[in-house]
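Let's take a friendly walk through a protein structure, one step at a time. Keep the picture open beside you and look for each residue as it is named.

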Amino acid sequence: MPTYKLSYFEGQGLGEVSRQLLHLSETPFEDDRISQEDWPKRKDSMPFAKLPVLFVDGKPLPQSLAIARYLANQFGFAGKTPFESAWVDALGDQFKDYFSEMVPYFMALGGDNEEEKSRLQLEVAEPAINKFFSILEKRAKDNGSNGHFVGDSLTWIDIHISDHMGVGEKYFPNAYAAFPTVLALREGTVSLPKLKEWIEKRPVTPY
Amino acid sequence: LLTTMPSYKLSYFPGRGLGEVSRQLFHLSDTPFEDHRVPMDEWPAYKDSTPFGQMPVLFVDGKPLPQSFAIARFLADQFGFAGKTPFEAAWVDALADQYKDYFAEIRPFLFVVFGFGEGDKEKLKKKVAEPAINKFFGILEKRAKDNGSNGHLVGNSLTWIDLQVSDHIGVLELYLPNAISAYPLVNEIRKKTTTDPKLKEWLDKRPVTPF
C-alpha cells in the first residue's frame, strides 16, 4: 500500500472529504494539519502554493477535488459507472461554483463585524444556498430519495456536501431547512458507523 | 455481439470557451456528435431545460451531463485522453481545476474584451490579466519542465489539459498577442498540440468566434 499524507489547514473545509475517504476505507495516513503561523513557511513546498495537497509515496498531488476523486477511485466511492462518476464530478464542480459565490460571506465570518456578517448572510449566502441546494434537492429526489446524490451507494459528493452542511450550520442555523431530502441524505451519511466514529473524535475546528 | 456507440450531443454557446475541449475530444477520436450551438438570444428559453441552468451540457443517448470538466473528463476517459495512470489522471484534474481558478481571476478582463461589458481594457490588462497570467503560466511552465519538456503537461501523451490550455492560449492571443512569450515550454506544448494532424483538420474548419 502506498504511504499517504494529507496536508491541510486546521479545519474541515476543502480537506475533510479526503480525510473521511481515508477513514472510511481504513487506510492509514498522516493527517498533517498546518497552523496559520506555519503556513507561510510551508507554502513554497506545495505545487500550487495552496492546500490541500495529498502526498502519495512522497509525490504531491494538489487541488481538493482532484485529491478526493483520486482517493474515491482507489477506495470505491466514485460511482459505479463512468456516467455516474461524471455526475459525481458535475455536482463537485457545481459545489465549487457555489463555494466561490460564498467566499465574501466566509471571509466576514472570520472577522468580528456583526453587521457585515448579517448583511452578507442576506445578500450573498441565502441566494447562493438557495440556488445550489435547490439543485441538490432536485437531484436527490430524481435519484430516488435513496440517501445518495448519485447511484445507490455512497460517493464522495455525499460525503463532501454532508460535511459542508455541518460547518455551515455552525454560523447559519437552519440554513438548509428548505431542503428535506438533502437533510435526510446528510443524516444518513454522517451516521454511517465508520464516519460517525471519526466525526466524534476529530478535532473541533471553526470551519 | 454488436455494441452500438451511444449518440452524443454537446450543447454550448457559439464559441470555444468551456465547450471546445469536448468538441476537440470528439474530433480527435473520430466520434460523431451533434455540435449543438445555442445562439445567445435563444439561451434564456433553453436554460431551464438544462440540469444546472448552465452550458455546456453533454447528452449521452439523450441523458444530460452538465459541467464542462465533468464532460471533458468523461469523454477523455472514453477516448483515451485522460492520462495513463490514476495518478496522472489526477494531475490532469488538478491542472484543470487550477485553470478554473486562474480563469475566475482573469474573467473581469476577458468579460470586457469579449464584448460582454464595459471597462478600462488597459487598466484591467495591467491589474487583472497580467498578474493572473503570470501566476498560472508560471505554474504551467514549471510543470512542463518537471514533466520532461516533452510537449505535454502530464505524462507522455496528449491529455485533455493540453487541449484546454492550448485552446485558451489561442483565445487569449486574440486580445493579448504576446500573452505567453515568457513561457516557452508552454508554447511548445501549444504548438505540438495544435499541429496534431486530426486536431489541425478541425481547427482549420471550425467556425471563427470571438471567444
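This is a predicted model: local features need pLDDT of at least 70, side-chain atom pairs count only at pLDDT 80 or more; totals for chains, interfaces and linings use all residues.

The side chains of B:Asp146 and B:Lys142 meet in a salt bridge, with 2.7 Å from N to O. Are these two residues buried or exposed? Both B:Asp146 and B:Lys142 are exposed.

Stay with helix H5 for a moment and find B:Lys135. This residue forms a salt bridge with B:Glu105, and the closest N and O atoms are 2.9 Å apart. What does this pair tie together? B:Lys135 sits in helix H5 (residues 121-146) of chain B while B:Glu105 sits in helix H4 of chain B, so the bridge links parts that are 30 residues apart in sequence. B:Lys135 has a relative accessibility of 45%, which counts as partly exposed. B:Glu105 is partly exposed too, with a relative accessible area of 32%.

Now follow helix H4 of chain B to B:Asp101. Its partner in a salt bridge is A:Lys96, with the closest N and O atoms 3.8 Å apart. Because B:Asp101 belongs to helix H4 of chain B and A:Lys96 to helix H4 of chain A, this pair joins two chains. How covered are the two partners? B:Asp101 is partly exposed, at a relative accessible area of 22%. A:Lys96 has a relative accessibility of 17%, so this residue counts as buried, which means under 20%.

Let's step back from single pairs. Over all chains, a search of the whole structure finds 37 salt bridges. Some of them share partners: in chain B, one network made in this way joins B:Arg16, B:Glu20, B:Arg23, B:Asp35, B:Arg37, B:Asp167 and B:Arg206.

Charged pairs are one part of the picture; next comes a nonpolar one. On the surface, B:Met40, B:Phe111 and B:Phe116 form a nonpolar patch with about 290 Å² of accessible area together. Where in chain B is B:Met40? Look in the loop between strand E2 (34-37) and helix H2 (43-47). B:Met40 is partly exposed, with a relative accessible area of 43%.

Empty space deserves a look as well. Rolling a probe the size of a water molecule over the atoms shows where such space is left. The second largest pocket has a volume of about 400 Å³. Of the 26 residues that line this pocket, the closest to its centre are A:Arg69, A:Asn73, A:Ser85, B:Arg73 and B:Asp77. Which elements give two or more residues to the lining? They are helix H3 (64-75) and helix H4 (82-109) of chain A, together with helix H3 (68-79) and helix H4 (86-113) of chain B.

Finally, see how the chains are divided in the records. In chain B, an unreviewed UniProt entry places the annotation "domain: GST N-terminal" on residues 6-83. Over that span the chain is 33% helix and 22% strand, and the end C-alpha atoms are 23 Å apart. The UniProt annotation "domain: GST C-terminal", also from an unreviewed entry, covers residues 85-211 of chain B. This span is 71% helix and 0% strand, and its end C-alpha atoms lie 33 Å apart. For chain A, the unreviewed UniProt annotation "domain: GST C-terminal" covers residues 81-207. Here the span is 73% helix and 0% strand, with end C-alpha atoms 33 Å apart.

How values were computed
Residues are numbered from 1 along each chain as its sequence is written. Chains are lettered from A and ligands numbered from 1 in the order in which they are written. Side-chain values use heavy atoms; hydrogens and water are left out. UniProt positions are given in the numbering used here, feature names are shortened, and annotations may be inferred rather than shown by experiment. Helices (H or I, at least four residues) and strands (E, at least two) are DSSP runs, numbered from the N terminus. Patches are made of residues with over 30% relative accessible area and no salt bridge: like charges are joined within 9 Å, nonpolar side chains (Val, Leu, Ile, Met, Phe, Trp, Tyr) within 5 Å. Accessible areas come from the Shrake-Rupley method with a 1.4 Å probe; for residues, only the protein chains shown count as cover. A salt bridge is a side-chain nitrogen of Lys or Arg within 4 Å of a carboxyl oxygen of Asp or Glu. Buried means under 20% relative accessible area, exposed over 50%, partly exposed in between (1.4 Å probe, protein chains only). On a 1 Å grid over the protein atoms alone, a cavity is a set of points where a 1.4 Å probe fits but cannot get out, and a pocket is an open set with protein on both sides within 12 Å along at least five of seven lines; lining residues have an atom within 4 Å of a point. Grid points are joined across faces, edges and corners, and a volume is the space filled by probe spheres set on the points.
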